[in-house]
Amino acid sequence: MPLLEVRDLRVQFETDDGIVRAVDGVSYSVEEGRSLGIVGESGSGKSVTNLTVLGLTRARNSKFSGEVIFGGRDLLKLSEDELREVRGEEIAMIFQDPLSSLHPFYRVGEQLIEAVRAHHDVSKKAARGRAVEMLQLVNIPEPRSRVDAWPHEFSGGMRQRAMIAMALINSPKLLIADEPTTALDVTVQAQILELIERLQSETGTAVIMITHDLGVVAEMTHEIAVMYAGRIVERAPTKELFASPQHPYTWGLLRSIPRLDSPRNEELVPIDGRPPSLITRPPGCAFHPRCPFVREAHKRIDPELEPVDGRRDHDVACLLSQQTRADLWQHLAAGEAPARARAAVPLGEGAE
Amino acid sequence: MARYIVRRLLGMVLLLILVSAVTFVIFNVFPSTDPAALRAGRQPTPEVIEAIRRDLGLDRPKIVQFGDYIWDVFAHQDFGKSYVANVEVLSQIRENLPATISLTIGGVLVWLTFGLSVGIISAVKHRSILDRATIGLSLIAISAPVYWLGLVALYLFAPDFGVFGLGFLGGQGSYVPFSEDPLKWAQSLILPWCVLATAFAAVYARLLRGSLLDVMGEDYIRTARAKGLAERSVILKHGVRSAITPVVTVLGLDIGILLGGAILTESVFNIPGIGRLAYDAITRGDLPIVQGTVLFGAFFIIIMNLIVDVLYAFLDPRVRY
């Protein structure tokens, strides 16, 4: 049984401009001790999906459907009090901006102690000991004195370490990391990722890593789900996804990150256009306005997430035929521009 | 920190000299009344007025009068004597200060109690009917002039002539010092406290509501929720703790202003405070008293400002002096 299983999750927000379908039928699961990367642009629904898992998007103007099964319970159906016992104790979360994620008016140690005492009836002294222990575990130098530091006395990297210490202080079964390195310097990013990876293997905590950067999840996740416009458009084991990506959006993501093994004169290719509005979703395939390989039929038919032939663990939502996708990727992987690949491969009428 | 405070105190002396210069110019160089003529009785002869002028020292050059005044105030804490009552300004102010302090402290407690709780509830129940209702009501409370509100309160609740006279309240002019009779003191001040606090409570409710709404959108509030804290402590310990800082700033200034005399409230309820003293002095052309009360008012505002700034360093650990 998976540790966390999200089934057909939908999240809507009513706003003055209309109903925002932030998450539109998302399913995924994470096994105990494993890690899942959720990749997508800003506004693809990846953060909302995971905030909803913890009930952090509950509001007057939000609506949910689907199931979030964790420990045999549907988290969407829990009361606020029941959910609170899950938060920080069984599922912990760290966020994008460590500079603003710690309360500026409380000492780092106090905030860690608070996290312990929210769930465990222990003395302040014992909780403080635990806080020092955790700061040491995340490589904060001189944890015994740093436990009394203010957040503004920490660098960005140290604050993210402190956030990780706070998240893991109750030994949760699942850690959700929402773009944990986006706000940090590149060198610090690598340290933080390494730290999360090390702690995961030491503690056996399952990890969901949310990011817009495929490079971040390449090394450290077992599986990757690519999200676009509130849906998962491709899901595969990490190695498989990098070896034979199936969705044109995934190709775009892959080609927009630099690779050490690519020819020096190869240019990075950005994905044209902007993510679609989640209020008025484009008809047909939501990616069609930006897809270099779009056919007429794709503007009408909404593709479903279906297994790639011959692979049980690789799903894609794309209307191009599998052969066409394989041919196209071959050209793109060789460094050809999308327009040239398109000219070289007969696309057919679109629908399989 | 100590150096900062010393620097601010020196600045305060300079500012007070400036304030007294401005008051001096307003009341002595462009006088709206001639204090000597006021004192000379009906149909005075010019000689009598001249004699009184000489007596009060008003015949000397203005600059000398001002220099003498400043010297007396800062070197000897001598604020001069009232033209009317012929008593020391300082002792007059000392006599009236307790009433003003009583009115201020009680008012502050009343408006903080109501203003802060309404502000928190409105922010937490943002956009609910309750929120809209309190914010609408607060607009009325802010707009109602204090003297009108005071008269209405007396008309409704005064023990002697009120429509729903509440016997346990003291009426107009019933102020008794706390040291004489604490019970009567409180009874006499309940209505003034509430009247004074009404507009302030509304302002503070709106201020805290706005500030708390901003804070509740901060990342660290999400962190607090993600830790599994109870909503109550997310709001109070994490939200209000941050949202309260602008309230403290305004509170410091408001206390300073009120200690300088709540002229309207004190006049309506006939409370012998600094505001009342200043009002009477202005109507009688009693310049030394006017100057003394203005100077004290400025002093309270400046001192409260300093206290707020120092307090800030304790409220926000990022602030350093």
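In chain A, helix α7(A) meets helix α8(A) through A:Gly156, A:Gly157, A:Gln160, A:Arg161, A:Ile164 and A:Leu168. Their counterparts in α8(A) are A:Val188, A:Gln191, A:Ile192, A:Leu195, A:Ile196, A:Leu199 and A:Thr203. Two residues are in contact if their C-beta atoms, placed from the backbone, lie within 7 Å. Helices (H or I, at least four residues) and strands (E, at least two) are DSSP runs, numbered from the N terminus.

This is a predicted model: local features need pLDDT of at least 70, side-chain atom pairs count only at pLDDT 80 or more, and totals for chains, interfaces and linings use all residues. Residues are numbered from 1 along each chain as its sequence is written, while chains are lettered from A and ligands numbered from 1 in the order in which they are written.

**The α7–α8 pair of chain A**

- Ala, Val, Leu, Ile, Met, Phe, Trp, Tyr, Cys and Pro count as nonpolar, Asp, Glu, Lys and Arg as charged, and the others, Gly among them, as polar.
- Helix α7(A) covers residues 156–168 and helix α8(A) residues 186–203. They pack at an angle of about 20°, with axes 10 Å apart.
- Axes are lines fitted to C-alpha atoms, for helices over the stretch in contact, and angles run from 0 to 180 degrees between N-to-C directions.
- The two helices are therefore roughly parallel to each other (angles under 35 degrees count as such).
- Their crossing is right-handed, meaning that the near helix is turned clockwise from the far one by less than a right angle.

**Sheets of chain A**

- One open sheet has 8 strands in the order β6-β7-β8-β3-β9-β10-β12-β11, with mixed pairing. Two strands pair if DSSP finds at least two bridges between them.
- Its edge strands are β6 (91–94) and β11 (306–307) of chain A, each pairing on one side only.
- Within this sheet, β9(A) (residues 223–228) and β10(A) (residues 231–237) run antiparallel, joined by 6 bridges. A:Met227 stands opposite A:Ile232 in β10(A).
- Another open sheet has 4 strands in the order β2-β1-β4-β5, and its pairing is antiparallel.
- Here β2 (18–30) and β5 (73–74) of chain A each have a single partner strand, so one side of each lacks a neighbour in the sheet.
- Strands β1(A) (residues 4–15) and β4(A) (residues 62–70) pair over 8 bridges. A:Val11 stands opposite A:Phe64 in β4(A).

**Helix α11 of chain A**

- Helix α11(A) (residues 248–255) lies across β3 (35–39), β9 and β10 of chain A, at about 105° to β9(A).
- Of its 8 residues, 7 are buried (20 or more other C-beta atoms lie within 10 Å of the residue's own, C-beta atoms being placed from the backbone).
- Among the buried ones are A:Tyr249, A:Trp251 and A:Arg255.
- Their cover includes β3, α9 (214–218), β9, β10, α10 (238–243) and α12 (322–333) of chain A.

- Chain B has 13 helices and 0 strands.
- Its C-alpha trace spans about 85 × 55 × 35 Å along its principal axes.
- Buried residues make up 37% of its 321 residues.
- Chain A puts 23 residues in contact with 18 residues of chain B.
- On the chain A side, α2 (80–86), α3 (98–101) and α4 (108–117) give two or more residues each. The largest share, 3 residues, comes from α2(A).
- That side divides into 10 nonpolar, 6 polar and 7 charged residues.

Key
Buried ≥ 20, exposed ≤ 12 C-beta atoms within 10 Å, placed from the backbone. Parallel < 35°, antiparallel > 145°, perpendicular 65-115°, else oblique.
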